[in-house]
Amino acid sequence: MKPFIPSRLEFILFGFLLSGMMSSIVTFIAMVQTIGFTPELLLAWLETWLSSWIVAFPVVLVVAPLVRKTIHKLIIPSS
């Protein structure tokens with residue numbers, strides 16, 4: 001596959017994919033624990049996931065730089 005997204009958008013794409021994957025996994029587990037494997041699970045999970053993703057995406061964009069700064073303060077630089 002030939003790359004088609006400019007490198008200046010890498011951080012946004014990273015946040016988009018990370019927040020989508022993480023929120024889908026977390027909400028699926030929560031929904032299975034809440035309602036179990038029922039016929040309503042798929043629709044209930046999709047509704048929950050999409051509303052969670054709307055929150056998770058901007059949160060990742062804001063929190064990720066703070067986490068990076070914190071990590072850089074904790075890690076000993078390689079020589």
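Predicted model: local features only at pLDDT ≥ 70, side-chain atom pairs only at ≥ 80, totals over all residues.

Visitor: What makes up the secondary structure of the protein chain?
Guide: Two helices and zero strands. Helices are DSSP runs of H or I with at least four residues, strands are runs of E with at least two, and both are numbered from the N terminus.

Visitor: Why is the protein chain called more spread out than a compact globule?
Guide: The globule rule is 2.2 Å times the number of residues to the power 0.38, and the radius of gyration is taken over C-alpha atoms. For 79 residues the rule gives 12 Å; the protein chain has 17 Å, well over that, so it is more spread out. Its C-alpha atoms fill a box of roughly 55 × 35 × 20 Å along the principal axes.

Visitor: Where is the kink in helix 2 centred?
Guide: On Val60, with a bend of about 30°. The bend is the angle between axes fitted to the seven residues ending there and the seven starting there.

Visitor: Which residues of helix 2 are called buried?
Guide: Buried means under 20% relative accessible area with a 1.4 Å probe, protein chains only. Leu41, Ala44, Trp45, Trp49, Trp53, Val60 and Ala64 of helix 2 are buried. The buried residues of helix 2 pack against helix 1 (10-35), where contact means heavy atoms within 4.5 Å.

Conventions. Residues numbered from 1 in each chain as written. Heavy atoms only, no water. Buried < 20%, exposed > 50% of the residue type's maximum accessible area, 1.4 Å probe, protein only.
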